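Welcome, and please have your viewer ready.

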Amino acid sequence: MNISSDSTTNKLILLYVLEKIEIPLSENSILDICSSRNNWINYMECKEILYQLKDVSFIYPLDQNESEARYYLTMEGRDCLSNFYRRIPLQMREEIAEFTKQNRLAFKRSQEYLADYEKIDDGSYNLNMRIRSPFANEPMFQLEFRAPSRESAINACKLWREKAPLIYESVYENLIEEE
């Protein structure tokens with residue numbers, strides 16, 4: 001669907017995306033979803049709307065001390081959306097609902113399953129893999145280890161996004177006793 005020219009409708013579209021995706025999103029992810037991938041909102045207007053919605057407390061940034069905050073929908077934002085969501089054309093609401101349903105897990109992985117590596121003096125690579133809490137500024141799980149080569153470090157980082165939940169579940173089940 002083409003870009004909407006109505007500023008109010010665009011604000012509602014952004015709120016609707018956050019409601020349907022059900023996870024906090026970074027500014028880059030919001031811009032990617034609304035402007036790059038789907039052409040629902042003009043890029044520059046989307047950036048402006050993001051700040052306007054933050055100023056009126058319809059969205060709230062998590063992780064303000066990190067390099068990139070993730071935004072979630074506040075109760076005020078939900079109330080506004082519930083009262084005015086019909087201003088978003090039905091076809092666009094359906095398109096947004098379908099897109100978020102199909103892509104939620106990929107965005108969750110890219111924002112909550114983090115991995116990086118750095119070369120150390122002996123030529124190997126130190127890997128740092130984390131699962132970030134969805135609603136906190138701290139890791140729920142962190143794993144550090146070494147890889148023998150840059151290629152193996154890159155491959156491990158790619159696999160982490162797919163396998164992080166299974167690895168976390170396995171470690172948790174093997175180490176934590178439920179009473």
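This is a predicted model: local features need pLDDT of at least 70, side-chain atom pairs count only at pLDDT 80 or more; totals for chains, interfaces and linings use all residues.

Residues are numbered from 1 along each chain as its sequence is written, and side-chain values use heavy atoms, with hydrogens and water left out.

**Stop 1: helix α1**

Select residues 7–21, which form helix α1. Helices here are DSSP runs of H or I with at least four residues, strands are runs of E with at least two, and both are numbered from the N terminus. The 15 residues of α1 reach 21 Å from first C-alpha to last, close to the 21 Å expected at 1.5 Å a residue; the expected span is 1.5 Å times one less than the number of residues.

Now colour by burial: buried means under 20% relative accessible area, exposed over 50%, and partly exposed in between, with a 1.4 Å probe and protein chains only. Among the buried residues of α1 are Leu-14, Tyr-16, Leu-18 and Ile-21. Just after the helix, look at Glu-22, whose phi is positive at about 65°.

**Stop 2**

Next, select Ile-30 in helix α2 (residues 27–37). Is Ile-30 buried or exposed? At 1% relative accessibility, Ile-30 counts as buried. Leaving aside neighbours within four places in sequence, its contacts (heavy atoms within 4.5 Å) include Leu-14 and Leu-18, both of which are buried residues of α1. Cys-46, Leu-50 and Tyr-71 are also among the contacts of Ile-30.

**Stop 3: the three-stranded sheet**

Show the open sheet with strand order β1-β3-β2 and antiparallel pairing. Its edge strands, β1 (25–26) and β2 (59–62), each pair on one side only; strands pair if DSSP finds at least two bridges between them. Four bridges join β2 to β3 (residues 70–73). Show side chains here and you will find Tyr-60 opposite Tyr-72 in β3.

**Stop 4: salt bridges**

How many salt bridges does the structure hold? There are six, each being a side-chain nitrogen of Lys or Arg within 4 Å of a carboxyl oxygen of Asp or Glu.

- Arg-37 and Asp-32 meet at 2.9 Å, N to O. Arg-37 is partly exposed at 48% relative accessibility, and Asp-32 is partly exposed at 22%.
- Glu-112 and Lys-108 also meet at 2.9 Å, N to O. Both lie in helix α5 (residues 90–112), four residues apart, about one turn of the helix. Glu-112 is buried at 3% relative accessibility, whereas Lys-108 is partly exposed at 23%.
- Asp-122 and Arg-146 meet at 3.3 Å, N to O. Asp-122 is in the loop between β4 (113–119) and β5 (125–132) and Arg-146 is in strand β6 (residues 139–147), so this pair ties together parts that are 24 residues apart in sequence. Both residues are exposed.

**Stop 5: the cysteines**

Finally, select the cysteines. The structure holds zero disulfides, a disulfide being a pair of cysteine sulfur atoms within 2.5 Å. Cys-80 is buried at 16% relative accessible area, and Cys-157 is buried at 10% relative accessibility.
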